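Subject: Structure handover

Hello,

Please find the structure below, with notes on what was found in it after that.

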Number of protein chains: 2
Amino acid sequence: MAEKVTIADVARYANVSRQTVSNVLNSPEVVREETRRRVREAVRVLGYRASQAARQMRTGRSRLIAARIEPAQQDGINGSVFDRFLHGLTESAARAGYRVLLYTADDHDAELATFDDLLGVYVPDAFVLTSTDYGDPRAAWLLEQRIPFVTFGRPWGVPPDQKYPWVDVDGAAGTATATRHLLAAGHRRIAFLGWPEGSGVGDDRRSGWARTLAEAGIGPDELSELDHRTEDGVPEGAAAVTALLAAGRPVTAVVCVSDSLAIGALQAGGDVAVIGFDDTPVARAVGLTSVSQPLGEAAARCVALLTDMLDGDAARRRSHGDAAPPDDDTGAPANTSVNQGAGARGPSRTTTSGDSPAHVLLEPTLVHRRSA
Amino acid sequence: MAEKVTIADVARYANVSRQTVSNVLNSPEVVREETRRRVREAVRVLGYRASQAARQMRTGRSRLIAARIEPAQQDGINGSVFDRFLHGLTESAARAGYRVLLYTADDHDAELATFDDLLGVYVPDAFVLTSTDYGDPRAAWLLEQRIPFVTFGRPWGVPPDQKYPWVDVDGAAGTATATRHLLAAGHRRIAFLGWPEGSGVGDDRRSGWARTLAEAGIGPDELSELDHRTEDGVPEGAAAVTALLAAGRPVTAVVCVSDSLAIGALQAGGDVAVIGFDDTPVARAVGLTSVSQPLGEAAARCVALLTDMLDGDAARRRSHGDAAPPDDDTGAPANTSVNQGAGARGPSRTTTSGDSPAHVLLEPTLVHRRSA
């Protein structure tokens, strides 16, 4: 094996000081471009490749946050939500001095195996988990291994002794806003097109619609009649609305748990107001009114919770000070206020009490288009 | 500063051998789960975090491939292409023993600054560049610094002395197939809805339409009359088709450079056959016939070209043998054959000659739906 190339070798070859080599490797912006080029050239020619390793040896930190890129979905309509979240995560992490390490996995078992591999080879400082659901083993695994992490998505059905920080969007608040909008426009027969019971996200979104109609005086029997459940998808949405229109007392409006189902609802024809969920590119393309999640802010909050854990209070002050979360691409204003304490009101709620991990619940907004 | 924690300390604490600790850190799959957990616990408690650093020190390699996640686009319709490419890249890289390190940048200057930062801190082994265009300074910068990279996208307008490996999809072949499909259905007045001249990708897609119509006997004057140029976007597509329909000799079909413009073309109403480009989720949702890029395969080819450079011939044999590229999510079969030499025919062409870097040009497929 060849002898180890040192910073001194690189400095000699490039005819600069060792400090300059170190600067090029660690703070290139302070070095003139021509010098930087010469040092890089020396690094390549001599095969010196250990600056990150040296840094990690020194700090015991990789400055990597691992996150999953979701497998492509069948119709891909709702998948854009995670891609937008991942984009926000990449931006916010960079601002806090971290980079995102991507992985993919088709199911929970494959994901746990990937955790093992990542921890062995890349030693990420933390994980961001998405798509939490009932029976999800990932958080328990990471807790047991004492790896810092945050979830984008509430802990659905998790035992009370499993405590960890999370960020989520209040889906029930979104469907409640959608339902109030339809009531204000004079609708009374407002159906909900949701997923089969048992999905945390889906049941939460259904609850906002149900609560709002109940407050408006709709009785339990009528509510149950208006509550339609189906698998996700455009054809499924069309079939469901066709059935609702053929029923005895027709509906005049539909709140949908996803844009996929809402696009199907629009394609069923009929004079029905339709509101979707997630404000996907498809919604924008076809003029669908839809509930928009503040994904850029959700990502920024995930990074802030992680840097609290990894870098402590100084990082928190820094991050809350200058890391204004990027605006979502809908033109809707991001919700940026931070409220401490469970009783706080406002567009977002951050709960921190005693030794419990922090939680952030963000409010979505309704983006008005011509479908409702 | 606390004394450095060693593998021996971890082994003692977990009551296992040093080899077992090393296995847990480097090949966790060979260690029983209970032992793995005990070692991980010891790693956490003692604060041992240097396995990747140690490995990188030893091998001089980070096993990271850096790639950009594209900024969110205005309407987001066409953006899904890069998200699908990134997903394929993550899968193919993992199969080859690499992980994807994400970054983002709003323009070329910001991207070059980010290269500097990534090379200083994370030392990625290679870069994958996307969205190549005329006047793109990124390839020249990386060539000068001798950093291995591959581009997804041809070198548009690059001086002949800048040689590097690339993968691209033959856009002209895609629009030629679309145009032939419309000719076979009896159309003669087939317009092209393209971007303003000067975009490499856009001009390439226009050329396939123009060539096919010329071969069918359409003269240059009529071609020029059928060639419509506009900025990208749904309203722009609707306005363009409205204008084309109001003109003296109406068109009966439109080939579009993007799904955004095609969706607009559909919304203009009128009895016009429409074909889009990129087979986005929006196309699937509204029944738009569209040209589909084999993105999973493009990503796999990028990784294969990089591993050729990074790991040599052994890796090439391994990679071409078992890394079957993932199928695209359209249900269309991926083009998997590899043809060496410029004169080869078939669904994809790989060119390697002498000391020139390899190039791969893949054929897209037409996904038929009800719009044409």
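How many disulfides does the structure hold over all chains? The count is 0. Please keep in mind that this is a predicted model.

B:C256 is buried, because its relative accessibility is 0% and the cut-off for buried is under 20%. B:C302 also counts as buried, at a relative accessibility of 0%.

Next, the sheet in chain B. Its 6 strands follow the order β7-β6-β8-β9-β10-β13, and the sheet is open, with mixed pairing. β7 (227-229) and β13 (365-367) of chain B are the edge strands, each pairing on one side only. On average, neighbouring strands of this sheet are turned by 20 degrees against each other, direction ignored.

Within the sheet, β9 (residues 273-277) and β10 (residues 289-292) of chain B run parallel and are joined by 3 bridges. B:F277 has B:V291 in β10(B) as its bridge partner. Helix α12 (residues 259-267) of chain B packs on the sheet, where it touches β6, β8, β9 and β10 of chain B. The direction of α12 makes about 160 degrees with that of β9(B).

Another helix of chain B, α9 (residues 200-215), lies across β6 (190-194), β7, β8 (253-256) and β9, and runs at about 165 degrees to β6(B).

Last, one serine. B:S80 belongs to helix α5 (residues 80-95) of chain B. With a relative accessible area of 13%, B:S80 is buried. Neighbours within four places in sequence aside, B:S80 is in contact with B:T280 and B:P281.

Regards

Notes. Residues are numbered from 1 along each chain as its sequence is written. Chains are lettered from A and ligands numbered from 1 in the order in which they are written. This is a predicted model: local features need pLDDT of at least 70, side-chain atom pairs count only at pLDDT 80 or more; totals for chains, interfaces and linings use all residues. Side-chain values use heavy atoms; hydrogens and water are left out. Helices (H or I, at least four residues) and strands (E, at least two) are DSSP runs, numbered from the N terminus. Buried means under 20% relative accessible area, exposed over 50%, partly exposed in between (1.4 Å probe, protein chains only). Contact means heavy atoms within 4.5 Å. A disulfide is a pair of cysteine sulfur atoms within 2.5 Å. Two strands pair if DSSP finds at least two bridges between them. Axes are lines fitted to C-alpha atoms, for helices over the stretch in contact, and angles run from 0 to 180 degrees between N-to-C directions.
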